[in-house]
Amino acid sequence: MIRSPFCLGIFACFLILSVAQGCGDGTGISSRREDGAGIPGQRSPGAGLTAEELVRRIEPSLVRIQARFSADAKDGELPAGTGFGTGIVFDRLGHVVTNDHVLLAPADRRLPKEIVVTTAGNKSFWAVLQGRDRATDLAVLRIEARDLVPAAFARPGDVRVGQEVLALGYALDLTGGPTVTRGIVSATRQSIYKEPYTIPDIIQTDAGINPGNSGGPLVNAKGEVIGINTAIVKEPGSPGFAISMALAEPVIRTLIRDGRIRRAFLGIGTVEATPAVAFRLGLTVETGVVVTLVAADSPAERAGLQQNDVVLEIAGRTIRSNGDLLAVLARHAPGESVPVRLVRGSKAIALVAVLGHPAE
């Protein structure tokens, strides 16, 4: 079998599974039953659920994905094989979310000839590729299936460091149900920037990682998906990473609607504003993203953005992180005019930028 790679140099394709014991206050996974049996597809009440209850709640929304490559290889062609991973049921219309790299051949990153999705009820379906976005390592499949149970998704940004989490996935493509590990959210708003990936809103976790788990969910103590697990550093004790739903959800919805991401280009380099960054640069605000560079003849330069500007809002959407910035650009097409609200020194400034194409 061909295992799906996540070509980030030191990163490999895996899915995270994390379950934690904890308190019953809605932030931790309880070690005992608090409110009776969990009901698949429904949100929990306030108390944290046991690991067993969380598994029962999220398992109906998990699918196994197998990407089958050409079986009639000729001289000079790569042999046939099968890549595998995990997916999440997004809605009742048959849309399934996974990682883009799950669908690609490891050597030449070919798309598969066939994609098979197997639901929790052990029913298999041919899948159609609805859309994919290499930059964020996300893809959406569509299957013709009835009685699907969509996962519950947490509100964007509803993630806290130290929060106990659970994830499930089909590790090693073994037969049987999904495997489970546990951990906590170690950090938020981490970044992966390595061609072709640009994932600026990553959740870091210490949860155990296994091959084949790419594309599966990282969930909170309510059974809500907070991220899509995507990579791990290949070192002993290294952390795992999940794409936050704050970044993933608008990309997923755009792929469902349009089949592709026509990501607009602004032409700035940024770093997230923090108290430490504000102190070092002498900024008057501690939120937003700080402009570190402005590309020559870019939409940003033409609009009048300058180095050390702090961008607070674009097109009416608050910008707190690089993930927010990428999500806004994914919502708008090249050629659109968007208002930009920023702070320069101690002065509030409003500009209008005409977004461009990434190649310009």
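Ala154 sits in the loop between β10 (152–153) and β11, with strands taken as DSSP E runs of at least two residues, helices as H or I runs of at least four, and both numbered from the N terminus. The model is a predicted one, so local features need pLDDT of at least 70 and side-chain atom pairs count only at pLDDT 80 or more, while totals for chains, interfaces and linings use all residues. Residues are numbered from 1 along each chain as its sequence is written, and side-chain values use heavy atoms, with hydrogens and water left out.

Despite its loop position, Ala154 counts as buried because its relative accessibility is 4%; buried means under 20% relative accessible area, exposed over 50%, and partly exposed in between (1.4 Å probe, protein chains only). Beyond its neighbours within four places in sequence, Ala154 is in contact (heavy atoms within 4.5 Å) with Asn220, Glu224, Val225 and Ile226. Met245 lies 91 residues away from Ala154 in sequence, yet their C-alpha atoms are 7.6 Å apart.

Val225 leads on to the core. Together with Ile228 and Ile252, Val225 has the most contacts inside the largest nonpolar core, a set of 34 residues. Such a core joins buried Ala, Val, Leu, Ile, Met, Phe, Trp, Tyr and Cys residues through side-chain atoms within 4.5 Å. Elements giving two or more residues to this core include β11 (164–169), β16 (224–233) and α5 (322–331), but α2 gives the most, with 7 residues. A second, separate core has 21 residues, including Leu266, Ala303, Val311 and Leu355.

As for open space, the second largest pocket holds about 500 Å³. Here a pocket is an open set of points on a 1 Å grid over the protein atoms alone, where a 1.4 Å probe fits, with protein on both sides within 12 Å along at least five of seven lines; lining residues have an atom within 4 Å of a point. The volume is the space filled by probe spheres set on the points, which are joined across faces, edges and corners. Of its 24 lining residues, Pro156, Gly157, Asp201, Ala246 and Asp324 are the closest to the centre. The lining splits into 11 nonpolar, 5 polar and 8 charged residues.

Mean pLDDT (the predictor's confidence in each residue, from 0 to 100) is 80, and 79% of residues reach 70 or more. Values stay under 50 over residues 1–27 and again over residues 75–79.

Methods: Nonpolar A, V, L, I, M, F, W, Y, C, P; charged D, E, K, R; others polar.
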